[in-house]
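User: I have a structure open and want to learn how to read its features one at a time. Please give the general idea first, then the case at hand.

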Amino acid sequence: MTSTKHGPLLYVLLCLGSGCAGVDGTEDVQEASSESYAPASDGALGPLIPMHKDAVHAGFFWDPLGSPKILFWMRPSEYRGTDLADPTVGPVGTLRESFRRVVYGGFRFSDTLERSILSRIKDDIERENTLVFDISHPDAFANRGKYDVRALDEEDFAMNAAAFSDRGSSAGLNYNLFCAGNTTLPDGRWLVVGGHDKSGNQGTRKLNIFDPLTATWVFRTVPPVKAAYAVDPTDSYLPPNPDPLDERNTDPPAPSDMRYQRWYPTAVTLPDGKVLILSGSDQDSSVGPDEAPATKVRQVVPEIYDPATDATVPLENARKLLPMYPRSFVVQTGRDRDDWKVAVVAEVEPPLPTGDEIREYDPYRYNGNTYLFDVRAALADVHRDERGERHWRRVDRADFAHESGASVAMFDLDEQGQPLSQRIALFGGDAGNGDDIAAVEMIDFSDRRPRWRRQDDLIRPATQNNAVALPNGEVLIVGGRGGSEGEERINTLEYQLFDPDSGDVRTLMSTTVPRHDHSTLLLAPDGSVYSMGGNRVDLAPEDDTLGVPVLQVYKPAYMFMGSRPVIERAPEKITHRRSFQVTLESPCRSTSSVVILRTDPVTHNWSWGNRYVRLSFDRIGRCKLKVHAPATAALAPGGNYLLFALDDRRVPSEAKRVRVEE
């Protein structure tokens with residue numbers, strides 16, 4: 001089969017009817033050009049692209065020249081694969097017991113996560129576990145047209161290897177960012193909140209920052225355990241080596257630390273440029289692997305991170321027992337710049353777990369209670385340091401908690417930049433009682449009395465799915481798996497499309513690659529969608545040694561409808577409350593909409609920045625538009641966005657990256 005690059009000459013629709021890709025990547029694959037074999041109703045899936053590490057956390061950033069790149073990592077993100085794996089033993093290598101004892105203090109390796117470091121692509125084990133993918137590199141999407149993970153080999157991975165570079169320890173990263181919260185600051189830097197210390201449910205106090213201008217991590221104190229292991233990776237942590245069970249050696253105190261250690265926290269960039277931090281779990285690792293689960297706590301105190309001081313303020317007055325990674329969205333509640341609150345979906349349902357129940361991975365049950373959290377009032381409260389559960393107002397209750405389900409925020413603005421609608425949609429997830437659901441619910445925070453309303457169901461129950469808003473206002477839903485508690489869970493291989501105006505959900509096509517736990521989904525600047533991640537060992541369920549990390553490009557139907565609008569000129573920065581001009585390349589069709597989509601990172605099926613904002617505009621020339629910016633930062637918090645112009649067929653241009661600011 002002929003080698004292809006992005007966009008490939010070959011695009012196929014997989015598993016429609018009886019046809020699927022064969023194991024060798026060539027049998028049963030129907031070949032056709034993208035133009036003749038890509039129906040305008042469904043779009044098309046491309047061949048598999050090697051990713052070299054699992055993209056458990058992933059997102060776009062732009063270098064100083066404006067070139068888009070993807071930063072991504074897996075566990076443990078601050079090490080390279082060979083620090084904990086020996087590639088010379090067996091078909092995929094073997095994990096080093098010395099690392100487990102010296103760095104993890106005897107806590108066990110995960111059967112999925114650390115084992116995903118191992119790979120039959122031995123050269124990739126050597127790489128750091130945090131990488132940058134340069135999608136503008138000429139070989140970035142080079143491939144041999146294969147559609148089965150098991151068919152990829154060393155030759156496939158060599159084709160685009162030069163497009164990937166290390167950005168972990170060599171770039172200043174000293175902490176494990178797995179299971180952290182991710183967001184971007186108004187200046188484009190990434191803020192990574194909390195993380196992973198030795199084992200699940202054990203968080204850190206660290207706030208790590210990635211600077212796109214230097215492609216390096218802001219300095220944080222090197223943990224003594226990491227420093228010692230780099231010098232002497234022996235099989236003992238007796239003195240003088242630091243004891244990894246002493247958390248001062250794995251999470252040493254620093255001025256920028258949070259007050260509370262957090263694993264699975266949510267981070268929300270606020271209209272004033274600060275960041276709200278919610279929830280997260282922790283355990284006392286000092287008692288060792290056997291007893292640590294009995295010490296599990298869920299952090300109830302929100303904290304506010306201020307980039308100006310590089311420090312946090314805890315809100316003891318606003319305690320709330322929430323799910324891990326609570327789904328949270330800034331919404332506008334009035335017409336002025338300070339009229340905003342944070343909508344938070346789901347909370348813990350009494351009774352609380354006791355005794356041995358606390359040892360479960362997630363021992364809590366949840367309901368769909370939905371609150372508006374008044375962050376500004378909590379910060380200004382003179383009793384801020386006194387324990388309480390103030391400044392939360394319940395607005396409605398969803399039928400389900402949608403825990404670990406996908407979500408999007410979709411806002412529509414008028415000519416003054418004020419909201420016509422502020423819709424939040426939740427897709428599947430856990431009902432709150434351990435059962436996975438197919439339900440889709442949506443609420444509009446611009447309504448006088450916001451209420452959750454049921455939409456069409458997904459094709460089947462699924463949690464750990466991903467969703468991304470497309471520039472045409474539809475929502476793509478990918479992956480997940482589901483079933484009732486205690487039953488076998490079924491993978492969702494179908495791609496689904498949700499129409500928020502009608503509430504309809506329809507199936508597009510299927511992939512051969514299961515995407516659920518730790519998978520990621522990103523909208524690309526050209527309007528296509530990148531499906532990535534998942535644990536390597538889950539990508540070939542029949543024989544997990546055959547799984548390899550891959551990306552698959554989905555091209556929506558609008559990429560097969562002929563010519564597309566071209567943005568000839570647009571500003572690099574957009575200021576709230578001000579209009580700006582967009583010039584389209586002539587000749588141009590009539591413009592139907594102008595939208596911006598935030599580019600925050602995604603992890604664990606949750607993107608805090610999955611925000612679509614449709615802007616009002618006036619046509620001031622044949623191909624010139626006067627576009628009205630959002631009136632407030634509550635509608636579009638400061639940061640990087642993709643700007644699209646759509647024609648009268650709802651076909652979008654390729655995006656221009658813009659910075660939204662006050």
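Analyst: Start with a term: a residue is called buried when its relative accessible area is under 20%, and exposed when it is over 50%. Keep in mind that this is a predicted model.

User: How many disulfides does a search of the whole structure find, and which residues are joined?

Analyst: The cut-off is a pair of cysteine sulfur atoms within 2.5 Å. A search of the whole structure finds one such link. Cys588 is joined to Cys623, with an S to S distance of 2.1 Å. The link has -110° about the S-S bond and is left-handed. Cys588 lies in the loop between strand 37 (579-584) and strand 38 (591-598), while Cys623 lies in the loop between strand 41 (617-621) and strand 42 (624-628).

User: Are Cys588 and Cys623 buried or exposed?

Analyst: Cys588 and Cys623 are both buried. Another cysteine, Cys179, is buried too, because its relative accessible area is 0%.

User: Next, sheets. What holds the strands together, and in what order do the four strands of the open sheet run?

Analyst: Strands of a sheet pair through backbone hydrogen bonds, either parallel or antiparallel. Here four strands form an open sheet in the order 1-34-33-32, with antiparallel pairing. Strand 1 (44-50) and strand 32 (519-523) are the edge strands, each pairing on one side only. On average, neighbouring strands of this sheet are turned by 20° against each other, direction ignored.

User: Which bridge partners can I look up in this sheet?

Analyst: Take one from each end. Strand 1 pairs with strand 34 (residues 550-555) in the antiparallel sense over five bridges. There, Pro50 has Val550 in strand 34 as its bridge partner. The hairpin of strand 32 and strand 33 has five residues between the strands, and in it Gly527 takes a positive phi near 95°.

User: How do I read the side chains of strand 32?

Analyst: In a regular strand the side chains alternate between the two faces of the sheet. In strand 32, Ser519, Leu521 and Leu523 point one way, and Thr520 and Leu522 the other way. Five of its five residues are buried, so by the cut-off of under 20% relative accessible area this strand is mostly covered.

User: What about a helix? Which residues of helix 5 are buried, and where do they sit?

Analyst: An α-helix has 3.6 residues a turn, so residues three or four places apart point the same way. In helix 5 (residues 224-231), the buried residues are Val225, Lys226, Ala228 and Tyr229. Seen down the axis, these buried residues fall within an arc of 165°, so they line one face of helix 5. They pack against helix 1 (81-84) and helix 2 (97-102). The face turned away from the buried side carries the exposed residues Ala230 and Val231.

User: How are aromatic pairs described, and how many does a search of the whole structure find?

Analyst: A pair of aromatic rings is described by the distance of the centres and the angle of the planes. A search of the whole structure finds 26 aromatic pairs. One of them is Phe329 with Trp606, an edge-to-face pair at 5.5 Å centre to centre and 80° between the planes. Phe329 is in strand 18 (residues 327-332) and Trp606 in the loop between strand 39 (602-603) and strand 40 (611-615), and they are 277 residues apart. Phe329 counts as buried because its relative accessibility is 4%, and Trp606 counts as buried at 0%.

User: Why is the pair of Phe427 and Phe498 edge-to-face?

Analyst: The ring centres of Phe427 and Phe498 are 5.3 Å apart and the planes are at 75°, so the pair is edge-to-face. Phe427 belongs to strand 23 (residues 419-430) and Phe498 to strand 30 (residues 494-498), 71 residues apart. Phe427 and Phe498 are both buried.

User: Which residues does Val658 touch?

Analyst: Val658 is in strand 44 (residues 656-661) and is buried, with a relative accessible area of 0%. Leaving out residues up to four places away in sequence, Val658 touches Pro571, Glu572, Ile574, Gly639, Asn640, Tyr641 and Leu643.

How values were computed: Residues numbered from 1 in each chain as written. Predicted model: local features only at pLDDT ≥ 70, side-chain atom pairs only at ≥ 80, totals over all residues. Heavy atoms only, no water. Pairing = 2+ DSSP bridges. Helix = DSSP H or I, 4+ residues; strand = E, 2+ residues; numbered from the N terminus. Axes fitted to C-alpha atoms, helices over the stretch in contact; angles between N-to-C directions. Buried < 20%, exposed > 50% of the residue type's maximum accessible area, 1.4 Å probe, protein only. Arc of directions from axis to C-beta. Contact = heavy atoms within 4.5 Å. Phe/Tyr/Trp six-rings, centres within 6.5 Å; stacked < 30°, edge-to-face > 60°.
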